[in-house]
Amino acid sequence: MRQMLIEELRDRLQAERIALQDGLAEDASAAATVQLDQTRQGRLSRMDAMQQQAMALAGQASCRRRIAEIDAALNRIEDGSFGVCEDCAESISQARLVAQPEVRLCISCKARNESQPQRPM
């Protein structure tokens, strides 16, 4: 049963990865450099275009982070460490894996990490 679940989650992760990569390719034009030629567009239009570009770049960065999380989960599936908490080495609950197959921590360790104050860099 557990192996069947892992296979289903692998398929889901791979499908999501493909969708994210496709989205990155489609959004490439939105993140392109904004032309600064005022004869082609006014100052407000250019500012709007720059804001849209910034949002597209932020969206691409988010997609890349998500792809990295998915790749890490797929690697854990391959090396056999999928479903094991990286902090306490206990099994991550099946319900948590179904909800978020890319998670690295069990719910207890995740809660403990979130409650600890962040150190300034």
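Leaving aside neighbours within four places in sequence, E102 is in contact (heavy atoms within 4.5 Å) with R66, E69, A73 and R76. The model is predicted, so local features need pLDDT of at least 70 and side-chain atom pairs count only at pLDDT 80 or more, while totals for chains, interfaces and linings use all residues. Residues are numbered from 1 along each chain as its sequence is written, and side-chain values use heavy atoms, with hydrogens and water left out.

**Overall build**

- The protein chain has 4 helices and 0 strands, where helices (H or I, at least four residues) and strands (E, at least two) are DSSP runs numbered from the N terminus.
- Along the sequence the pattern is α-α-α-α.
- Of the 121 residues in the protein chain, 28% are buried; buried means under 20% relative accessible area, exposed means over 50%, and partly exposed lies in between (1.4 Å probe, protein chains only).
- The protein chain exposes about 8500 Å², and carbon and sulfur atoms supply 53% of this area; accessible areas come from the Shrake-Rupley method with a 1.4 Å probe, and for residues only the protein chains shown count as cover.
- Among contacts between residues at least 6 apart in sequence, 55% join residues at least 24 apart.

**The nonpolar core**

- A nonpolar core is a set of buried Ala, Val, Leu, Ile, Met, Phe, Trp, Tyr and Cys residues joined through side-chain atoms within 4.5 Å.
- The largest such core has 20 residues, of which L13, I77, F82, C85, I92 and L97 touch the most other members.
- Helices α1 (2–27) and α2 each supply at least two residues of this core.
- Apart from neighbours within four places in sequence, F82 is in contact with R2, I6, L9, A73, R76, I77, L97 and P101.

**Cysteines**

- A disulfide is a covalent bond between the sulfur atoms of two cysteines.
- Here a disulfide is counted when a pair of cysteine sulfur atoms lies within 2.5 Å, and a search of the whole structure finds 0 disulfides.
- C109 is in no disulfide, and the nearest cysteine sulfur, that of C85, is 3.6 Å away.
- C109 counts as buried because its relative accessibility is 2%.
- C63 also counts as buried, at 17% relative accessibility.

**Around E102**

- E102 lies in the loop between α3 and α4 (107–115).
- With a relative accessibility of 11%, E102 counts as buried.
- The side chains of E102 and R66 are joined by a polar contact of 3.1 Å; a polar contact is a pair of N or O atoms within 3.5 Å, and within protein one must be able to donate a hydrogen and the other to accept it, while residues adjacent in sequence count only if both atoms are side-chain atoms.

**Salt bridges**

- Side chains of opposite charge can pair when their charged atoms come close.
- The structure holds 9 salt bridges, each being a side-chain nitrogen of Lys or Arg within 4 Å of a carboxyl oxygen of Asp or Glu.
- One of them joins the side chains of E78 and R10 (2.2 Å, N to O).
- This pair links distant parts of the chain, with E78 in helix α2 and R10 in helix α1, 68 residues apart.
- E78 counts as exposed at 57% relative accessibility, whereas R10 is buried with a relative accessible area of 16%.
- The side chains of E69 and R66 also meet in a salt bridge (3.4 Å, N to O).
- Both E69 and R66 lie in helix α2, 3 residues apart, which is about one turn of the helix.
- E69 is partly exposed, with a relative accessible area of 39%.
- D87 forms a salt bridge with R112, and their closest N and O atoms are 4.0 Å apart.
- D87 lies in the loop between α2 and α3 and R112 in helix α4, so this pair ties together parts that are 25 residues apart in sequence.
- R112 is partly exposed, with a relative accessible area of 41%.
- Salt bridges that share partners join E16, R66, E69 and E102 into one network.

- D87 is partly exposed, with a relative accessible area of 44%.
- Besides neighbours within four places in sequence, D87 is in contact with L105, C109, R112 and N113.
- The side chains of D87 and N113 make a polar contact (3.1 Å).
- A89 is found in the loop between α2 (43–79) and α3 (94–99).
- A89 has a positive phi of about 65°, although this residue is not a glycine.
- A89 counts as exposed because its relative accessibility is 56%.
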